[in-house]
Amino acid sequence: MRLSGKKAVVTGSGRGIGRAIALKLAQEGADVIAADINAENVRKVAEEIKKLGVKGIALKVDVSKKEGAEKIFKTIKEEFGRLDVLVNNAGINRDAMLHKMTDDEWNQVLAINLTGVFFCTRAAAKIMRDQRYGRIINISSASWLGNIGQANYSASKAGVLGLSRTAARELARKGITVNVICPGFIDTEMTRAVPERIKEIILSRIPTRRIGKPEEVANVVAFLASDEASYVTGAIIDVGGGMVL
Ligand code: NAP
């Protein structure tokens, strides 16, 4: 129960990695707002959170819209009165080779994966600065290093690093840490859509020779959210079985 009494928000928590993070934070004792664009999925996750004996609130939001992001923080103020942990996890991919990538594919990915993180981080920073305490954890990707067919996704995830490192520097004196997790290849619906042939190539490049579980990302989030990580800020942590080595 490392997060007993803490108040947390996890975006994109209707399924996959975000769901695992929301449940892990709840297992550690945090009250959690599960925010996602999919109302039905997030409603089910909030029910699972409540079964763990903490408060769970489902919120349908689109983080790429300023009003959506602000709704999260209005709710947090009304329901919890404070915010200890923000996990910016919501993300999408719209893969295409650069010469075939449409404006929409570029804009959608940047709007959710990068601008959404900016909207939520800015709103959270306002609350956390006043409290002089906070933990912001941003989910980037090993793809920030560059990946064929992912110019939009890679640019958005590299952008998350720049945003996070800047926020870490700006907010450190206010008792707020900002860290980034870069998952490698994790078993979720996002990666289940990858063709089998490509999956085999990716697997052959992972030293641990297996796909990661969402819970293995969630465990690292829980550490960064806890007081055990009080001296960790601006860090970029790979959770990918050695994929980037
Ligand atoms: P996922 O299974 O597709 O889940 C993403 C969740 O975010 C879904 O519930 C989705 O809702 C929601 N979402 C999408 N757009 C949103 C928006 N505008 N506002 C709020 N919520 C929104 O993906 P995942 O694999 O769990 O990935 C989670 C994060 O980890 C993403 O940032 C992803 O880029 C990153 N990541 C994943 C991997 C991997 O191997 N899986 C690797 C590296 C990084 P819908 O169900 O309606 O789409």
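K24 and E28 are joined by a salt bridge in which the closest N and O atoms are 3.4 Å apart, a salt bridge being a side-chain nitrogen of Lys or Arg within 4 Å of a carboxyl oxygen of Asp or Glu. This is a predicted model, in which local features need pLDDT of at least 70 and side-chain atom pairs count only at pLDDT 80 or more, whereas totals for chains, interfaces and linings use all residues. Residues are numbered from 1 along each chain as its sequence is written, and side-chain values use heavy atoms, with hydrogens and water left out.

**Salt bridges**

- The structure holds 15 salt bridges, and one network of them links R2, K24, E28 and E228.
- D227 and R135 meet through their side chains in a salt bridge of 3.5 Å, N to O. This pair links distant parts of the chain, since D227 is in the loop between helix 8 and strand 7 (236-239) while R135 is in strand 5, 92 residues apart; helices (H or I, at least four residues) and strands (E, at least two) are DSSP runs, numbered from the N terminus.

**Surface patches**

- A patch of positive charge on the surface gathers K66, K77, R122 and K126, and helix 3 (66-79) and helix 4 (103-131) each supply at least two of its residues.
- Patches are made of residues with over 30% relative accessible area and no salt bridge, like charges being joined within 9 Å and nonpolar side chains (Val, Leu, Ile, Met, Phe, Trp, Tyr) within 5 Å. For the charges, Lys and Arg count as positive and Asp and Glu as negative, while His and the chain ends are not counted, and the place of a charge is taken as NZ of Lys, CZ of Arg, CG of Asp or CD of Glu.
- R122 has its place in helix 4 and is partly exposed, with a relative accessible area of 31%.
- W144, L145, I236 and V244 make a nonpolar surface patch of about 320 Å², accessible areas coming from the Shrake-Rupley method with a 1.4 Å probe, and for residues only the protein chains shown count as cover.
- W144, a member of the nonpolar patch, lies in the loop between strand 5 (134-139) and helix 5 (151-171) and counts as partly exposed at 31% relative accessibility.

**Buried residues and their surroundings**

- R135, in strand 5, touches residues that include D84, V85, L86, M128, G175, T177 and L224, when residues up to four places away in sequence are not counted; contact means heavy atoms within 4.5 Å.
- R135 and G146 are 11 residues apart in sequence, and their C-alpha atoms are 28 Å apart in space.
- T121 lies in helix 4 and is buried, with a relative accessible area of 6%. Leaving aside neighbours within four places in sequence, T121 is in contact with L86, N88, I136 and N138.
- G212 has its place in the loop between helix 7 (196-204) and helix 8 (214-225) and is buried, with a relative accessible area of 12%.
- Apart from neighbours within four places in sequence, G212 is in contact with F185, I186 and D187, and G212 and G240, which are 28 residues apart in sequence, are 6.8 Å apart in space, C-alpha to C-alpha.

- R132, in the loop between helix 4 and strand 5, has a phi near 60°, a positive value in a residue other than glycine, and R132 counts as partly exposed at 48% relative accessibility.
- R209, in the loop between helix 7 and helix 8, has a phi near 55°, a positive value in a residue other than glycine, and R209 is exposed, with a relative accessible area of 53%.

How values were computed: Buried means under 20% relative accessible area, exposed over 50%, partly exposed in between (1.4 Å probe, protein chains only).
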